[in-house]
Amino acid sequence: MIDGEHYVPVVRAALAELPYEFVAALVAGGTEKLRGPAGKEDYGVPLVTGIEEGVALHGPEVVVDLSDEPVLSPSARLLLASRSLACGVPYVGADFRFEPPALEPFPLPSLAVFGTGKRVGKTGVTGHLARLLARDRDVLVVAMGRGGPPEPEVVEVAPTVADLLERSRAGRHAASDHLETAALAGVPTIGCRRCGGGLAGATFVSNVPAGVELAVERGADVVVFDGSGAAIPPVATDRRILVAHDLVSGLNAYRALISDLVLSTSGEVVAQAVALGRRALRFDLHLRPVEPLAGRRTALFTTGPAVFDHVDEVVFASQNLADRAALRRDLESVDAEVFLVELKAAAIDLVAEAAAERGVEVVLAAYDVEAPGLDDELLELAELAKRALERENLAR
């Protein structure tokens, strides 16, 4: 990456001095210090018009950024880094280096669902995908989370609230994503844990590789890998789905560029995905009690804003599942016959425990994912994942 804010001789000298064998250059912009027409200067290497073209024509092992402000703002530079990483090529600058996350091969048909952050609807999309595919397939979901088990665990039967309370009282996290998906989607899951997350979605520590071994040992028609926050499952799945709240910050463009479908509750984000050349759909989330409330006065507990106008029984609503101090205050003042709760954060160790003490029933809240054409898109991705693996096996 070079620019016209540097004199050509300065750039040529830098190319000769740096410890790389340069095979091509991309002029990011700027004309202040160019004596000839832009794109016609001689830098001693071929010029390309984009990172993807440069990678396809020259197969570089690294992209080196010799540009700077004002030609490349931080956001523009991170977009270029995203494009480089999406091509599988590290992106290096004067004081930074971005590596594409390592994704390990997987021998079964597979899809990944991951997000650009927390509370974007990712787990709801994973559950919707799992339920859809489970109509005529054996589906297994491998989920990783910040509260996952120390050793990957297989959950074959949907846990009840009583099961989750028992787990919580034993000192274990009872609202991990694999438990939520097992309880609400009714499919087998494998729970894993991770700690730390990089700008491009790599994790610092995880036991997902051990979870992958369990998945292969168990077998399934299709395996869905569920990410955690902005962390990407470290698996080279056959197809990928991104659930996004933003595509212009950080390396979120990278997440979109490696995905086959981008989903968002924001029309603006859908437009950002389309501008990146991605297939994208806007979706809505509709809260649904998994059991009848039967006209009983109900208190709703969520981690954030939720539309519940259609649930007539709700007489109290708290958005504080992720704020334990505020949640305790809400529980002190609430008077209801049923607690309707998302299976997140403190849903079990605080809300369900309070309900048990008072003899109040707990009903779990699921989210239905609705978007025109969504199911057709997801079924197509599942079929493409199967075919891709078949082609790989034939190639071997």
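**Ground rules.** The model is predicted, so I took local features only at pLDDT of at least 70 and side-chain atom pairs only at pLDDT 80 or more, while totals for chains, interfaces and linings use all residues. I number residues from 1 along each chain as its sequence is written, and side-chain values use heavy atoms, without hydrogens and water.

**Helix pair.** I looked up α5 (residues 161-169) and α11 (residues 347-358). Helices here are DSSP runs of H or I with at least four residues, strands are E runs of at least two, and both are numbered from the N terminus. The two helices pack at about 115°, with axes 10 Å apart. Axes are lines fitted to C-alpha atoms over the stretch in contact, and angles between N-to-C directions run from 0 to 180 degrees. From α5, Val161, Leu164, Leu165, Ser168 and Arg169 meet Ile348, Asp349, Ala352, Glu353 and Ala356 of α11. Contact means heavy atoms within 4.5 Å.

**Sheet.** I found three strands in an open, mixed sheet, ordered β3-β4-β5. Strands pair if DSSP finds at least two bridges between them. β3 (63-64) and β5 (97-98) each have a single partner strand, so one side of each lacks a neighbour in the sheet. β3 runs parallel to β4 (residues 91-92), joined by two bridges. Val63 stands opposite Tyr91 in β4.

**Glu377.** I placed Glu377 in α12 (residues 374-395). Is Glu377 buried or exposed? Glu377 is buried, at 18% relative accessible area. Buried means under 20%, exposed over 50%, partly exposed in between, with a 1.4 Å probe and protein chains only. Leaving out residues up to four places away in sequence, Glu377 touches Leu261, Arg279 and Leu281.
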